[in-house]
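Dear colleague,

I am passing on a structure that I would like you to look over before we next talk. Please have the sequence and the coordinates open while you read.

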Amino acid sequence: MNNITMKMNADTAILNALREDITSEDITTNSVMREFQLGEVELICKQDGIIAGLDVFKRVFELLDEKTEVSFNCKDGDTVKNGQKLGIIKGDIRVLLSGERTALNFLQRMSGIATYTRSIVELLKGSKTRLLDTRKTTPNMRIFEKYAVKVGGGCNHRFNLSDGILLKDNHIGAAGGVAQAVKMAKEYAPFVRKIEVEVENLEMLKEALCAGADIIMLDNMSVEDMKQAVKLTAGRAETECSGNVTKENVEKLIDIGVNYISSGALTHSAPILDLSLKNLHAV
């Protein structure tokens, strides 16, 4: 995550997280540390996985005190191991204590998503199918969670509602049918925007293809129907498979031949990666 992205998008979210955790003061830290004392603490990995969010972790402490020094022994995307020392944070002990939980919350969440994503990407290795995330993200955490998906080797679907056209069941119902929904989207949307249509059966697929959809999302269809859908599409549109995709069931989808598999589980069900700040001491 580069400096421009951090300052324009991430800083606000990080500051809001800090304000959530410190409404007036950190009464515990202020009880035991009444004045400045330089100290350092180690970032320790407690579980094997993929690390993601190091710049966000660092930024938490910098926003509390720009003099805080953070150095890492790894970079985003690296495989980390249980017991590995990942870095050292040096600065005002009061800052180290007050920023600890917020910094770890970001890093653990993002690393958990990257780890889970990587596990599915490995299962898809050798196929032509790419793994996508969804908008099923934690409110106000999307920038971090979608970045973590990329670190894990996945690809980002649209970032928000302004980013692309996806006609789902309720949009189709509101428009009065697949053909009408696609027609209306083509009339309204800029020509540079692709139009994706969610279909639930082969009849809807045929209607979407005839209407000129660019991408067809095969939603909660059987494996056999999805294979038939790919054959019927015959390259006239890109295809995406969706619907409760997890690490446990993704392998049965590999041979369908779709261009993409999207999984909300990447961001809504990935467990955190266990990390900790340990061995705090004065220097």
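This is a predicted model: local features need pLDDT of at least 70, side-chain atom pairs count only at pLDDT 80 or more; totals for chains, interfaces and linings use all residues.

Residues are numbered from 1 along each chain as its sequence is written, and side-chain values use heavy atoms, with hydrogens and water left out.

Salt bridges

Taking a salt bridge as a side-chain nitrogen of Lys or Arg within 4 Å of a carboxyl oxygen of Asp or Glu, the count comes to 13. One of them joins K58 to E62, with 3.8 Å between the closest N and O atoms, and both residues belong to helix α3 (residues 54-64), where they sit four residues apart, or about one turn of the helix. Helices here are DSSP runs of H or I with at least four residues, and strands are runs of E with at least two, numbered from the N terminus. As a general point, an α-helix has 3.6 residues a turn, so residues three or four places apart point the same way. For accessibility, buried means under 20% relative accessible area, exposed means over 50%, and partly exposed lies in between (1.4 Å probe, protein chains only). On that scale K58 is partly exposed at 27%, and E62 is partly exposed at 22%.

A second pair is R94 and D92, whose closest N and O atoms are 2.7 Å apart; here R94 is partly exposed at 26%, whereas D92 is buried at 7%.

Helix α4

Helix α4 (residues 93-124) has 32 residues and spans 45 Å from its first C-alpha to its last, close to the 46 Å expected, where the expected span is 1.5 Å times one less than the number of residues. The helix bends by about 45 degrees at E100, the bend being the angle between axes fitted to the seven residues ending there and the seven starting there. After α4 comes G126, which has a positive phi near 95 degrees.

S98 also lies in α4 and is buried, with a relative accessible area of 13%. Leaving aside residues up to four places away in sequence, S98 touches D21, I22, D26, T29 and L64, contact meaning heavy atoms within 4.5 Å. Its side chain reaches the backbone oxygen of R94 at 3.0 Å.

Cysteines

With a disulfide defined as a pair of cysteine sulfur atoms within 2.5 Å, the count is zero. C155 is buried at 18%, and C241 is buried at 2%.

Strand β1

E42 lies in strand β1 (residues 38-45). Not counting residues up to four places away in sequence, E42 touches K85, G87, I88, S276, L277, K278 and N279.

How values were computed:
A polar contact is a pair of N or O atoms within 3.5 Å; within protein, one must be able to donate a hydrogen and the other to accept it, and residues adjacent in sequence count only if both atoms are side-chain atoms.
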